[in-house]
Amino acid sequence: MPRKRGRQTSSGRHTALDELSFSVSHMECFLWEGHYAQRLSSSPPIFLAAIMQHLTAKVLELAGNEAQNSSQRHITPELVGMAVHHNALFSGSFGMTTISLVAPAWH
């Protein structure tokens with residue numbers, strides 16, 4: 001049986017940090033550098049890393065769907081832009097943000 005990676009608590013369960021791909025320490029540095037609060041507990045960097053991971057996964061999933069619909073095998077920046085533009089939630093959040101320097105052909 002292969003050994004599982006990551007930290008375990010004393011009870012043998014995995015912690016929430018094991019599931020994150022984004023660096024919690026980087027998020028903590030960003031929060032400190034932004035001077036968003038005088039004091040910072042350990043929870044906000046973990047929460048921010050989890051949100052960043054979820055948003056990235058959702059955008060890549062939508063871009064993958066766009067790639068399948070246009071019969072392409074790779075996700076390109078243009079497809080990410082199209083995915084964000086076609087999703088109501090993301091298009092409202094990102095607004096006029098430029099994702100790719102190449103203007104995608106909107107269908």
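Q: What should I know about numbering and confidence before reading on?
A: Residues are numbered from 1 along each chain as its sequence is written, and side-chain values use heavy atoms, with hydrogens and water left out. Since this is a predicted model, local features need pLDDT of at least 70 and side-chain atom pairs pLDDT 80 or more, while totals for chains, interfaces and linings use all residues.

Q: What makes up the secondary structure of the chain?
A: Four helices and zero strands, in the order α-α-α-α from the N terminus. Helices (H or I, at least four residues) and strands (E, at least two) are DSSP runs, numbered from the N terminus.

Q: Why are helix 1 and helix 2 called roughly perpendicular?
A: The axes of helix 1 (residues 24-33) and helix 2 (residues 43-69) come within 8 Å and cross at roughly 110°. These axes are lines fitted to C-alpha atoms over the stretch in contact, and angles run from 0 to 180 degrees between N-to-C directions. Angles under 35 degrees count as roughly parallel, over 145 as roughly antiparallel, 65 to 115 as roughly perpendicular and the rest as oblique. Helix 1 is therefore roughly perpendicular to helix 2.

Q: Which residues bring helix 1 and helix 2 together?
A: Val24, Met27, Glu28 and Leu31 of helix 1 are in contact (heavy atoms within 4.5 Å) with Pro44, Pro45, Ile46, Leu48, Ala49 and Met52 of helix 2. That set divides into nine nonpolar, no polar and one charged. Here Ala, Val, Leu, Ile, Met, Phe, Trp, Tyr, Cys and Pro count as nonpolar, Asp, Glu, Lys and Arg as charged, and the others, Gly among them, as polar.

Q: How are helix 2 and helix 3 set against each other, parallel or perpendicular?
A: Their axes come within 8 Å and cross at roughly 105°, so helix 2 and helix 3 are roughly perpendicular to each other. On the helix 2 side the contact is made by Val59, Leu62, Ala63, Glu66 and Ala67, and on the helix 3 side by Leu79, Val80, Met82, Ala83, Val84 and His86. These residues divide into nine nonpolar, one polar and one charged.

Q: What makes Gly81 count as buried?
A: Buried means under 20% relative accessible area, exposed over 50%, and partly exposed in between (1.4 Å probe, protein chains only). Gly81 has 13% relative accessibility, so Gly81 counts as buried. Gly81 lies in helix 3, and the C-alpha atoms of Gly81 and Glu66, 15 residues apart along the chain, are separated by 10.0 Å.

Q: Which other residues of helix 3 are buried, and what do they pack against?
A: The buried residues of helix 3 (residues 77-86) also include Leu79, Val80, Met82, Ala83 and Val84. The buried residues of this helix pack against helix 2 and helix 4 (88-94). Over the chain, 19% of the 107 residues count as buried.

Q: Where do His35 and Ser71 lie, and are they buried or exposed?
A: His35 sits in the loop between helix 1 and helix 2, and with a relative accessible area of 69% His35 is exposed. Ser71 is in the loop between helix 2 and helix 3, and at 67% relative accessibility Ser71 counts as exposed.
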